[in-house]
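Subject: Structure for you, with notes on salt bridges

Hello,

Here is the structure I promised you. Please open it next to this email and follow along.

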Amino acid sequence: MIGEDATARRWSIGELAQASGVTVRTLRHYDEIGVLRSGERTASGHRRYTAADLRRLYRVRTLRALGMSLDEIKEALTSSSEDPAAMRTLLMTQLRQLAFQAERIRQLIEQIHGLLRQLDEASMPDPDQFMTTLEMISMLDAYFTREQREELARRRGELGAEAVEEAKARFVELVGRLLGHVQDGTPADDPQVQELVRRWDELATPFHAEEARGEQTRAAARRMWQERSDQLSARLPWPAEKMVELLAYLERARTTAR
């Protein structure tokens, strides 16, 4: 078995293929293009893989799962060092990707449970539900690139369900307090309003990437709210016209703060 006396044992190409789930043909291809060459050869020319080769194969499989091409993997492995820090970086990247995938699966499970609950009640899900979902997908496609949508979903996955629910609760509180100021006609430059707007903007920070990429998704989200506020507000517990007023109020508050 792989890992048994790993500092001395050597594996044939067939043993490595069987244990790793990679075909012999693929391993030979990796050898030909320089992605993974066997560390040793027998006197008769047969490949023998070492513990270092196994670690490299793990890197190759992980980077392939993350969507990198073989050319990109070859370059990445050439420039990276064979040390614990490099392996830690790779494992953390893989963990983040798995968390992202887990979050997407969790959301899909919730949607399917909702449909199943309606079917259990002997009723077909309302066509409006499907239309609403399709409209939301179309809306996101119109304002965010595929990479941006994946980045947003990935960060939700990294934050976890508990943090997302906490953010929702804080959002509800902020909306309620800010709508109160809108109704009372509080000036947008009032210190209390400015503090609430600061908290509003901070609330979104963990859901966006850092620096330029984060600014791009923030701008896209604001543009979507400005141009599609009726559709988005329809999915919230507050009247659509109130949310439109609130968004305009937030923009005035941000402008006066500059």
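First, the ground rules. This is a predicted model, where local features need pLDDT of at least 70, side-chain atom pairs count only at pLDDT 80 or more, and totals for chains, interfaces and linings use all residues. Residues are numbered from 1 along each chain as its sequence is written, and side-chain values use heavy atoms, with hydrogens and water left out.

Now the findings. The structure holds 12 salt bridges. A salt bridge here is a side-chain nitrogen of Lys or Arg within 4 Å of a carboxyl oxygen of Asp or Glu.

Start with R9 and E15. Their side chains form a salt bridge at 3.8 Å, N to O. R9 is partly exposed, at 23% relative accessibility. E15 is partly exposed too, at 36%. (Buried means under 20% relative accessible area, exposed over 50%, partly exposed in between, with a 1.4 Å probe and protein chains only.)

Next, E173 and R177. This salt bridge spans 3.7 Å, N to O. Both residues sit in helix α8 (residues 161-184), four residues apart, so about one helical turn separates them. (Helices are DSSP runs of H or I, at least four residues, numbered from the N terminus.) E173 has 37% relative accessibility; R177 has 42%.

Then look at R254 and D201, paired at 2.8 Å, N to O. R254 is buried, at 13%. D201 is partly exposed, at 23%.

Finally, a network: salt bridges with shared partners join D31, R37, R41 and R47.

Best wishes

Definitions and conventions:
Helices (H or I, at least four residues) and strands (E, at least two) are DSSP runs, numbered from the N terminus.
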